[in-house]
Amino acid sequence: MYVISGVTGHTGKVAAETLLSRGESVRVVVRDAAQGAAFAARGAEVAVADLGDADALARAFAGAKGAYVLLPPNLAAPDVFAWQAGLLAAFRSAAEAAALPHLVFLSSIGASQPSGTGPIVGVHRGEQVLRGLSRTRATFLRPGYFHENVAGSLGTLAEGKFVTFFPPDFPLPSAATRDIGALVATLLLEGPTEDGAVVELGSPVTPNETADAIGRITGRRPALVALPATEQAATLRGLGVPPPVAALFQEMTTAFIDGHIAWEPGRRHVASQTSIEEVLRGLLSQPRPSQAQS
Ligand SMILES: NC(=O)c1ccc[n+]([C@@H]2O[C@H](COP(=O)([O-])OP(=O)(O)OC[C@H]3O[C@@H](n4cnc5c(N)ncnc54)[C@H](OP(=O)(O)O)[C@@H]3O)[C@@H](O)[C@H]2O)c1
């Protein structure tokens, strides 16, 4: 049996659905039992636990062959790294208490760097906390920049513009969340290898390629507006993003551009299966917020 958290979100939902479709036993972790109803209808067990509650999480992990955990986004936290530290302590304690054999943790490209990577510092610290457990071997899944982040930049399409803070031909290492969820299922089924194993996922996508894809879908290629990365924090603040978070995003963008955030040579690397165009087709068929982000 495999335990999957984040099943109302992008990656956990796909991981749980993939395992269930392969006939595997799954226990989903949700904050409210009603969130697990659709999975229960497909035969999954439902465990109610906050990811910061070590005791509830240990009960959720009991008897499992492996579990998937992530650090959910939390723009409201006054100190996001302190909030994440609480979750990481709970993951560690729960894995030990439940003698969980295998923990798959959603990390990120750039997680080998201790600083200068914006929000990715959080998953760097996660990898440090989650390795070296006595009864659990950890696998760190490091995807690239989510294709789905483009959702924040679709609001200006009505003005015929696609706004980015990356240079027009910058090959941004990128991955679709559905590929991440599918790889989570694969890694859980493979079982643990060495503790602290790293698996990377992604392929390059440039802003020009994204604008081309939008043009193919909508019949109107937007003008690409590539703003300097140094303007990102101010732009995000203007859109209501808390200043510390805006600063972290600018630091991350700058670190991608200068190569501080990059794939690590010699790591197991899986290429993207899902294109930016496939993800955009889904996003552009939904109502969208009128704001630019990435
Ligand atoms: N964006 C990127 O480019 C990028 C790149 C690399 C890695 N990452 C990592 O990917 C993460 C996001 O993954 P995702 O897109 O799959 O997440 P997501 O779609 O935002 O979903 C977050 C999930 O976590 C659950 N959750 C939130 N707080 C919880 C809590 N306290 N206890 C239990 N469950 C909780 C949510 O459930 P509810 O319905 O209860 O809220 C939801 O199911 C980021 O936080 C980052 O660590 C992101």
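Tutor: Helices here are DSSP runs of H or I with at least four residues, strands are E runs of at least two, and both are numbered from the N terminus. One caveat: this is a predicted model, where local features need pLDDT of at least 70 and side-chain atom pairs need 80 or more, while totals for chains, interfaces and linings use all residues. Residues are numbered from 1 along each chain as its sequence is written, and side-chain values use heavy atoms, with hydrogens and water left out.

Student: At what angle do the axes of H7 and H10 cross?

Tutor: Roughly 50 degrees, and the axes of H7 (residues 207-218) and H10 (residues 276-284) come within 9 Å. Axes are lines fitted to C-alpha atoms, for helices over the stretch in contact, with angles running from 0 to 180 degrees between N-to-C directions.

Student: Is the crossing of H7 and H10 left-handed or right-handed?

Tutor: H7 passes H10 in a right-handed crossing. That label applies if the near helix is turned clockwise from the far one by less than a right angle, and left-handed if anticlockwise.

Student: And how do H3 and H4 pack?

Tutor: H3 (residues 54-61) and H4 (residues 80-97) pack at about 45 degrees, with axes 8 Å apart. So H3 is oblique to H4, and their crossing is right-handed.

Student: OK, ligand time. Which residues are closest to the ligand?

Tutor: Thr8, Thr11, Arg31, Leu71 and Asn149 are the closest of the 23 residues that surround the ligand, where being near means having a heavy atom within 4 Å.

Student: What does Thr8 do there, in terms of distance to the ligand?

Tutor: A side-chain N or O atom of Thr8 is 2.5 Å from a ligand oxygen. A polar backbone atom of Leu71 is also 2.5 Å from an oxygen of the ligand, and a polar side-chain atom of Asp50 lies 3.2 Å from a ligand nitrogen. A polar contact here is a pair of N or O atoms within 3.5 Å.

Student: How much of the ligand's accessible area does the protein cover?

Tutor: 80% of the 950 Å² that the ligand has on its own, by the Shrake-Rupley method with a 1.4 Å probe.

Student: Which elements give two or more residues to the shell?

Tutor: Helix H1 (10-21) and strand E7 (145-146).

Note on methods: A polar contact is a pair of N or O atoms within 3.5 Å; within protein, one must be able to donate a hydrogen and the other to accept it, and residues adjacent in sequence count only if both atoms are side-chain atoms. Angles under 35 degrees count as roughly parallel, over 145 as roughly antiparallel, 65 to 115 as roughly perpendicular and the rest as oblique.
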